[in-house]
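Please walk through this structure one part at a time. Keep the model in view while reading.

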Amino acid sequence: MNSYPELLSFTIPTYNRSDFLEECLDAHIPVARKYNLEFIVLDNASTDDTPIIVQKKQAEYPHIRYYRNETTIDPDSNFKKALELSTTKYTWLLGDSYRLPDAGIEFLLPLLSSEEKKFDAIVFNLISSRRNKSQIYTDANLMFKDLGAIMTSISSLIFSKKLIQNADFERYKDTNFLQTGIIFDYIAKHPFRIKWIQEYSVESLNYQKKKKIAWSNQPVVFEIACKRWQNFIFSLPDVYSEESKLKVIRDFGALSGIFSFRNLLNLRKKKILTYDIYLKYQPYFQRATTFPESIVKIIAFLPIPVILVIRFLAKVYAKSGQFEKYWKRFKNRFS
């Protein structure tokens, strides 16, 4: 069995999610043990039992390094620190609620160890969401257009030491998309080779004990998914065309599901989407959705009892297979 301790490590930024972290380590330790791979856990000053969980896992698998911030810092700064803690040739930035494909890791290691095939980064598929054929990208705008949205997922990204050492972290701090920005900034300025792997997908952990709390279902959702996301995209270098930028903005909305009809109904039910919020982010909605922005306006305006009825009917029609037909009619009416 080959050993790759200096080739690849997994760095896991985490905050107050010891149960997810434990499940994540349990899922990945077996394949890491086969190849002598290291984990780096960066604890963003958690107040739960994260240190205890890590100590327990270190007793099972010694190749786990643990670091703890003195105070909680913003996510972008935490990602930066997590990447800079790594000393291996490649670093897989792993979210604590995701599972990497064992077969994908086994496929990747010989690829990375080849002296003839050096890559600046590697991108894995996310929940089989992209069908683009596996390939090596050397054209920045083409890669951005094809994969820009999926590359917001930290667990899909593997960084070379060279890219980390030359990354412009400060430029993308406070964007919520630093992990994406440093790659597209780097390849806009340097010749590069990035491998896209379509056949193997990163998946969410099948964790039954606790529901993941994500920003996409919190009051900050439109601040991040509309304003910060679009400002981030338009801040990228001019090598990326306006057409590509607009496409990636829409792709992110479709990939995340944030602007789906059902999710907008859910956000309205939670009173996260209100008419005031609609007015605040109206220009961003126009670019983010694949359907007329007036539909967002209608949903934001409707009373909660009406939303509940629509959600119930949507579920009924979905079960009967009629939902897509009526949804298309609804969109066309307001086109």
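Confidence in the protein chain is lowest in helix α14 (residues 323-333), at a mean of 55. Helix α7 (residues 178-189) has the highest confidence, at 98. These scores are pLDDT, the predictor's confidence in each residue, from 0 to 100. This is a predicted model, in which local features need pLDDT of at least 70, side-chain atom pairs count only at pLDDT 80 or more, and totals for chains, interfaces and linings use all residues. Residues are numbered from 1 along each chain as its sequence is written, and side-chain values use heavy atoms, with hydrogens and water left out. The protein chain averages a pLDDT of 90. At least 70 is the score of 91% of the residues.

Next, the overall build. The protein chain has 14 helices and 9 strands. Both are DSSP runs numbered from the N terminus: helices are H or I with at least four residues, strands are E with at least two. The C-alpha trace spans about 60 × 45 × 40 Å along its principal axes. A compact globule with 335 residues would have a radius of gyration near 20 Å, and the 21 Å of the protein chain agrees with that. Here the radius is taken over C-alpha atoms, and the globule rule is 2.2 Å times the number of residues to the power 0.38.

How much of the protein chain is buried? Buried residues make up 50% of the 335 residues. Buried means under 20% relative accessible area, exposed means over 50%, and partly exposed is in between (1.4 Å probe, protein chains only). Contacts also reach along the sequence. Of the contacts with a separation of 6 or more, 80% join residues 24 or more positions apart. A contact means heavy atoms within 4.5 Å.

Now look at helix α10 (residues 261-269). Of its 9 residues, 7 are buried, so the helix is largely enclosed by the rest of the structure. The buried residues are Phe-261, Asn-263, Leu-264, Leu-265, Asn-266, Leu-267 and Arg-268. After α10 comes Lys-271, with a positive phi near 65°.

Two other residues have a positive phi. Ala-45 has a phi of about 60°, although it is not a glycine. Ala-45 sits in the loop between β2 (38-43) and α2 (50-60). Ala-45 counts as buried, at 9% relative accessibility. Asp-174 is not a glycine either, and its phi is positive at about 70°. Asp-174 lies in the loop between α6 (161-165) and α7.

Which residues does Ile-64 touch, not counting residues up to four places away in sequence? They are Ile-29, Phe-39, Val-41, Val-54, Lys-57 and Gln-58. Ile-64 belongs to strand β3 (residues 64-68). Its relative accessible area is 5%, so Ile-64 is buried. Ser-3 is 61 residues from Ile-64 in sequence, and the two are 16 Å apart in space, C-alpha to C-alpha.

Move on to helix α4 (residues 102-113), the place of Gly-104. Gly-104 is buried, at 0% relative accessibility. Leaving aside neighbours within four places in sequence, Gly-104 is in contact with Phe-124 and Tyr-200. Ile-277 is 173 residues from Gly-104 along the chain, and their C-alpha atoms are separated by 42 Å.

Gln-230 is in helix α8 (residues 221-235). Gln-230 also counts as buried, at 0% relative accessibility.

The last stop is a pair of helices. Two packed helices are described by the angle between their axes and the distance between the axes. Helix α11 (residues 275-288) packs against helix α12 (residues 293-301) at an angle of about 170°, with their axes 10 Å apart. Axes are lines fitted to C-alpha atoms, for helices over the stretch in contact, and angles run from 0 to 180 degrees between N-to-C directions. The angle makes α11 roughly antiparallel to α12 (under 35 degrees counts as roughly parallel, over 145 as roughly antiparallel, 65 to 115 as roughly perpendicular and the rest as oblique). From α11, the contact uses Tyr-275, Tyr-278, Gln-282, Phe-285 and Gln-286. From α12, it uses Glu-293, Val-296, Lys-297, Ala-300 and Phe-301. These residues divide into 6 nonpolar, 2 polar and 2 charged. Ala, Val, Leu, Ile, Met, Phe, Trp, Tyr, Cys and Pro count as nonpolar, Asp, Glu, Lys and Arg as charged, and the others, Gly among them, as polar. Gln-282 of α11 is partly exposed, with a relative accessible area of 25%.
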